[in-house]
Amino acid sequence: MLVTGGLGGLGALLARHLVTRHGVRHLHLTGRRGADTPGAADLVRELADLGAAVTVSATDVADRRAVRDLLDRIPADRPLTAVVHAAGVVDDVTIPGLSGERLRAVLTPKVDGAWNLHVLTRDLPLDAFVLYSSVAATLGGAGQAAYTAANAFLDALAAHRAALGLPGLSLAWGLWEETTGVTAHLSAADRARIARRGLRPIAAGGGLALFDEAVFGGHDAPVLAPAPLDLRAAGAAGDVPPVLRGLVRPARRAASAGGAGEPLAARLAGLDEAGREAALLDVVRAEAAAVLDHPDPAAIPAGQALIELGLDSLTSVELRDRLGAATGLRLPATLTFDHPTPGALAAYAARELVPAGTPRPARTTPAAPGLAAIHRRLHDGGKHREAAELLLAVAPVRERFGLAERHGHAPAPVRPASGPAPVSLVCFPALSAISGPHEYARFAQAFAGERDVHVIPSPGFTGDGEEPLPDSLGTLIRMNVDALRATVGDGPFVIVGRSMGGCVAHAVAQALEDEGIFPAGIALIDSYPIDAAAQEGMEWWTGAMVGGMLERIDRFELELHDARLTTMGAYNRLFAQWRPGPVRAPILLLRALEPLPGTAVDGPRDWRAYWPVPHEVADIPGDHFTTLEEHAGSTAEAVRAFAARFGG
Ligand SMILES: NC(=O)c1ccc[n+]([C@@H]2O[C@H](COP(=O)([O-])OP(=O)(O)OC[C@H]3O[C@@H](n4cnc5c(N)ncnc54)[C@H](OP(=O)(O)O)[C@@H]3O)[C@@H](O)[C@H]2O)c1
């Protein structure tokens, strides 16, 4: 028998089972690492003690020649009788972060691997050809587009083989209890999220019994799903996968969200805005607790940023969906960016759920009508300078506050990661129309349990984005310095800025040093100085950067409020004449290696990020945006290495 992925978690369980339970005496176990796989030697010894002859080989199943060589080495007097294809790789990411490279990594072991095995064994008289698929391909799975497609191919291949009269069985497994290579990345919260969707974990013994039933139980369907279900949980999750809708009745959550029994709409009807907000806060807390696996909804502080409680891109989509189901509102993809705390979410929902006939409160500052559309039209027409000038011109529409009033307008810093390492990170988001602390959510996750990561937002990026803005650069920097001093304490800290947040980071460092407070270092993530577009050979710059932002707005279905564009214009005005001055702190500029579309790669000057005062440079994978999205892990690694120089 051949088991691909046979040295992995489930492969090893099966190998033992085949030997002990079914008396298999000749086993070929493969993986790309072969004998170097941790635990391989012990497994082979154990199986040998049980009387089996085990051959281990380092074979990439996606490599047809290697698979052919492997099959050729099987002695003719002990011919191959069965194949179990359990090789697989998982790399969870939401669709916007899915790159060709990541898609390929997940597809090849399953798709190319299974096809190679199919083609090369087609003429052999096999008794069984079993494919380890996943129920994700049947039910769908958050962040698993690539994995779902890979497993759907296995299911289809089993059906294809059956149609050809060849043995073929695809097992669409649910989640096993055993932690294996493909499930090692799942946190307790992820497992809880999967359980909430109605998938009961499979214990090792139960899983092997299911294998026996599926393979030897006389079933003739080419695809079986050994995936124990908790139908009640699946119904309560609200979003029941289509294939289960005949089995599960979705709970009528919108009718009684919050658990108080009475329909939500009826409960809200008699209340004023403050009362609706309080009732909705309970709903938000209940849904957030469910998504974040928080034991006590009532203990979730109304004012705490959800990313501090562990909300990431996957769970923010789930929270948005659950709140949509609970309230009946159609909620935007930017929901938790715009309204980052439970309190802000409840206030937003209370405003949106205004009972019929009640006049909506007037907005304090009218947004410039159609600004986003005009800006987009200029951009699409290649008028990038004019688009930038438009934003500068409309900025004065915004209300301002001065230095003395800054305390009433400072957004609360958030701490999306904490841990004991001595050097903390203080991060400044960019100042584009889609900026905010969420930019650092994934980056910060890499530091969870390791060190404190603080994010200091600038005003103008929450709610409808219409809050007053600082009247001068001095006011902005002073409020950021105040926030930083209140968050970091006495330990060493590295200031991090991404894109135009690099200008904020540098200006804050200068102001701190003027006061005798010395940051350990400054890490700039693909920052260019504000006057980059005015440099010879850099005329492409504004169009490429704004193009990247608009492309993201389309792809993530973000809502672009006009006010966010006026915020962006206002900050561009504040920084227009600012240039970085000398600082004592060492500066590390992390340059994105991949150009954005529209970059003059072969232009007269190097297209990559630059900084006009002395600094070191390191190149990092990804482009201006993906360095903090799908490549956030390697960016975090570069910042970690930088922080290590200052004491860890
Ligand atoms: N665990 C679960 O809950 C679960 C649920 C549903 C489905 N499944 C499926 O069950 C199978 C086994 O998963 P597992 O949980 O045992 O994970 P695992 O411990 O990571 O085992 C997978 C094995 O596949 C091998 N592999 C990956 N790419 C390969 C390639 N190109 N050529 C040859 N071998 C390759 C890996 O070894 P190398 O890295 O050395 O190549 C690894 O040992 C997978 O197909 C998975 O999708 C698992």
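**Stop one: charge on the surface**

Begin by selecting Arg64, Arg65, Arg68 and Arg122, which gather in a surface patch of positive charge. A patch here is made of residues with over 30% relative accessible area and no salt bridge, with like charges joined within 9 Å and nonpolar side chains (Val, Leu, Ile, Met, Phe, Trp, Tyr) within 5 Å. Lys and Arg count as positive and Asp and Glu as negative, while His and the chain ends are not counted. Please keep in mind that this is a predicted model, in which local features need pLDDT of at least 70 and side-chain atom pairs count only at pLDDT 80 or more, whereas totals for chains, interfaces and linings use all residues. Residues are numbered from 1 along each chain as its sequence is written, and side-chain values use heavy atoms, with hydrogens and water left out.

Arg122 has a relative accessible area of 37% and is partly exposed, where buried means under 20%, exposed over 50% and partly exposed in between (1.4 Å probe, protein chains only).

Next select Asp60, Asp63, Asp69, Asp72 and Asp112, which form a negative surface patch. Asp72 belongs to helix H3 (residues 64–72) and, at 58% relative accessibility, counts as exposed.

**Stop two: salt bridges**

The whole structure holds 27 salt bridges, each being a side-chain nitrogen of Lys or Arg within 4 Å of a carboxyl oxygen of Asp or Glu. Select Arg322 and Glu287, whose closest N and O atoms are 2.8 Å apart in a salt bridge. This pair links distant parts of the chain, with Arg322 in helix H13 (residues 313–327) and Glu287 in helix H12 (residues 273–292), 35 residues apart. Arg322 is buried at 11% relative accessible area, and Glu287 is buried at 6%.

Then select Arg640 and Glu637, which meet in a salt bridge of 2.7 Å, N to O. Both lie in helix H23 (residues 632–644), three residues apart, about one turn of the helix.

**Stop three: an enclosed helix**

Among the buried residues are Trp541, Met545 and Ile553.

Methods. Accessible areas come from the Shrake-Rupley method with a 1.4 Å probe; for residues, only the protein chains shown count as cover. The place of a charge is taken as NZ of Lys, CZ of Arg, CG of Asp or CD of Glu. Helices (H or I, at least four residues) and strands (E, at least two) are DSSP runs, numbered from the N terminus.
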